[in-house]
Amino acid sequence: MRAAVLNDDHQLEVNEIADPSPGPGELVLKVTACGICGSDLKLRPAMPAGLVMGHEFCGEVVAIGADTDSAFREGRHVTALPLIGCGRCLACLAGEPAHCEQADMVGVGGSPGGFAEYVRVHQRETVGLPEHIDHTLGALVEPLAVGLHAVERAHIRSGDKVLVVGAGPVGLSVITWAARSGAGELVVSDPSAVRREAAAQFGATRTVDPEAEPLEARYDVVIECVGLPGMTDVCVRAAALHGHVVIAGVCTKPDPYVPIMALMKELTMDFVVYYTRREFFAVSDALAHDAIDAAAFVTKRVGLEGADDAFTELIEAKDQRKILVLP
C-alpha cells in the first residue's frame with residue numbers, strides 16, 4: 001500500500017509498504033480520511049524513521065479477521081480508537097484502553113497509522129458511522145472525543161464561569177462541548193484574531209486577546225488547550241478561589257508555575273489525555289443525530305503527497321482548523 005512515511009529527515013515521504021493483515025478480532029480499514037493533530041506536529045521530530053503517523057482516521061471495512069462480530073461487514077464505514085489494548089487488564093475492562101500497559105498506539109509510535117491507504121484496528125475499539133454524513137467526517141470523532149474527555153473531567157456546573165485557553169483544534173473541540181455544559185459564561189483566550197473569530201462561531205460567549213487584555217482571576221473552570229511552557233501558570237492565575245484547572249494541551253517541555261498561588265486558592269488540577277471508549281462512541285452517536293457540526297472543523301483536504309506541506313502549513317499559519325489527509 002501507499003503511505004506517507006517519516007524519512008531520516010523527519011519529513012513525510014510517500015512510499016510503498018506492506019499491507020496490514022487482520023488478526024483475530026481485528027479489521028483492516030481502507031482509510032477514507034485522517035486528520036493532522038497538533039500532537040503530530042510536536043511529536044514528529046521525536047518519532048523514528050519509517051513510522052507511519054496518523055491517529056485521527058476513519059475508513060471502510062475491507063478485511064475481517066477470525067472471531068470478529070458479524071456487525072462488522074465489509075463495506076461498512078467506521079472509525080476506531082487509534083490503539084489496540086490487551087482487552088484483559090483493568091484499564092481495558094474499565095473502558096480506558098489508552099492506559100493499557102500493553103497498548104499498541106496506532107500512528108503514535110506503534111503500528112502504522114492513518115496516513116496510509118489501509119490501517120489495522122480492533123473490533124473492541126471500532127464504532128460504525130452514520131451513512132447519511134460525509135464519510136470523511138468520521139476522522140473528526142477522535143479530536144472531538146479529546147474535547148469531550150477534557151470537558152467531562154472539568155465537571156462544569158450550571159452557571160460556572162469557564163475559560164478556555166487556546167482556540168486551535170483542541171480548543172475548538174473543548175468549546176463545542178463546554179457550550180453544551182450549562183456554563184453561565186464561556187470565555188476563550190487566544191492571541192490570534194482568526195482563532196478568536198472561530199471560537200465565537202463554536203460557542204464562546206466572549207473572546208479575549210491575552211496580549212491586549214489581562215486575564216482576571218475569576219474563572220471557576222479553566223481548560224488549557226495550548227501545550228506550551230507558561231500555560232499552566234496562566235491558568236493558575238486566571239482561576240478563582242476553589243477553581244478547577246484542566247490541562248489538555250500536550251506540552252513536551254518543562255512548564256514551571258508557582259505552587260503557592262494554586263495552594264492559596266485551593267485549586268484542583270486535572271491532567272487529561274485521550275478519552276474513554278464510552279466518550280469516543282458518544283461522539284459517533286452525536287454525529288449520527290446531527291448534534292455536532294463536524295464539517296465546520298475542516299478547512300482543507302490534501303492527498304498523501306500533500307501531507308508534508310500540510311504539516312508545515314499548520315505550524316506556520318493560524319487560519320487552518322483541521323486539515324484532512326485523503327489517502
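Predicted model: local features only at pLDDT ≥ 70, side-chain atom pairs only at ≥ 80, totals over all residues.
Local features need pLDDT of at least 70 and side-chain atom pairs count only at pLDDT 80 or more, while totals for chains, interfaces and linings use all residues. Residues are numbered from 1 along each chain as its sequence is written, and side-chain values use heavy atoms, with hydrogens and water left out.

Helices (H or I, at least four residues) and strands (E, at least two) are DSSP runs, numbered from the N terminus. Two strands count as paired if DSSP finds at least two bridges between them. Strands of a sheet pair through backbone hydrogen bonds, either parallel or antiparallel.

An open sheet is built from six strands. Their order is S12-S11-S10-S13-S14-S15, and the pairing is parallel. Strand S12 (206-208) and strand S15 (268-271) stand at the edges. Each has a single partner strand, so one side of each lacks a neighbour in the sheet. From one strand to the next, the twist averages 20°. Within this sheet, strand S10 (residues 161-165) and strand S11 (residues 185-189) are joined in the parallel sense by five bridges. Val-164 stands opposite Val-188 in S11. Helix H3 lies across strand S13 (219-224), strand S14 (239-247) and S15. H3 runs at about 150° to S14. Here axes are lines fitted to C-alpha atoms, for helices over the stretch in contact, and angles run from 0 to 180 degrees between N-to-C directions.

Strand S3 (residues 26-35) has antiparallel partners. Eight of its 10 residues are buried (under 20% relative accessible area; exposed is over 50% and partly exposed in between, with a 1.4 Å probe and protein chains only). S3 is therefore largely enclosed by the rest of the structure. Five bridges pair S3 with strand S8 (residues 118-122) in the antiparallel sense. In this pairing, Leu-27 stands opposite Val-121 in S8. Eight bridges pair S3 with strand S4 (residues 56-64), again antiparallel. There, Leu-29 stands opposite Val-61 in S4. Strand S17 (residues 322-325) runs antiparallel to S3 and is joined to it by two bridges. Cys-34 stands opposite Val-325 in S17.

Helix H8 (residues 277-288) has 12 residues. The expected span is 1.5 Å times one less than the number of residues. H8 should therefore span 16 Å, and its end C-alpha atoms are 17 Å apart, which agrees. Arg-277, Glu-279, Phe-280, Val-283, Ser-284, Ala-286 and Leu-287 are buried in H8. An α-helix has 3.6 residues a turn, so residues three or four places apart point the same way. The buried residues of H8 pack against strand S5 (77-80), helix H2 (90-93), strand S9 (126-128), helix H3 (141-154) and helix H4 (169-178). Contact means heavy atoms within 4.5 Å. Ser-284 gives one view of this packing. Ser-284 is found in H8 and counts as buried at 4% relative accessibility. Not counting residues up to four places away in sequence, Ser-284 touches Val-127, Gly-128, Leu-129, Pro-130 and Val-141.

The whole structure holds four aromatic pairs. Rings of Phe, Tyr and Trp (its six-membered ring) pair if their centres lie within 6.5 Å; planes under 30 degrees apart count as stacked, over 60 as edge-to-face and the rest as tilted. The ring centres of Tyr-274 and Tyr-275 are 5.5 Å apart with planes at 75°, so this pair is edge-to-face. Tyr-275 and Phe-280 also have ring centres 5.5 Å apart, but with planes at 50°, so this pair is tilted. Tyr-274 counts as buried at 17% relative accessibility. Tyr-275 is buried at 3%, and Phe-280 is buried too. Elsewhere, the charged end of Arg-218 sits over the ring of Tyr-219, 5.0 Å from the ring centre. The criterion is NZ of Lys or CZ of Arg within 6 Å of the ring centre and within 35 degrees of the ring normal.

Most residues other than glycine have a negative phi. Asp-67 has a positive phi near 60°. Asp-67 lies in the loop between S4 and S5 and counts as exposed at 68% relative accessibility. Asp-290 also has a positive phi, of about 55°, although it is not a glycine. Asp-290 follows H8, in the loop between H8 and strand S16 (298-302). With a relative accessible area of 55%, Asp-290 is exposed.
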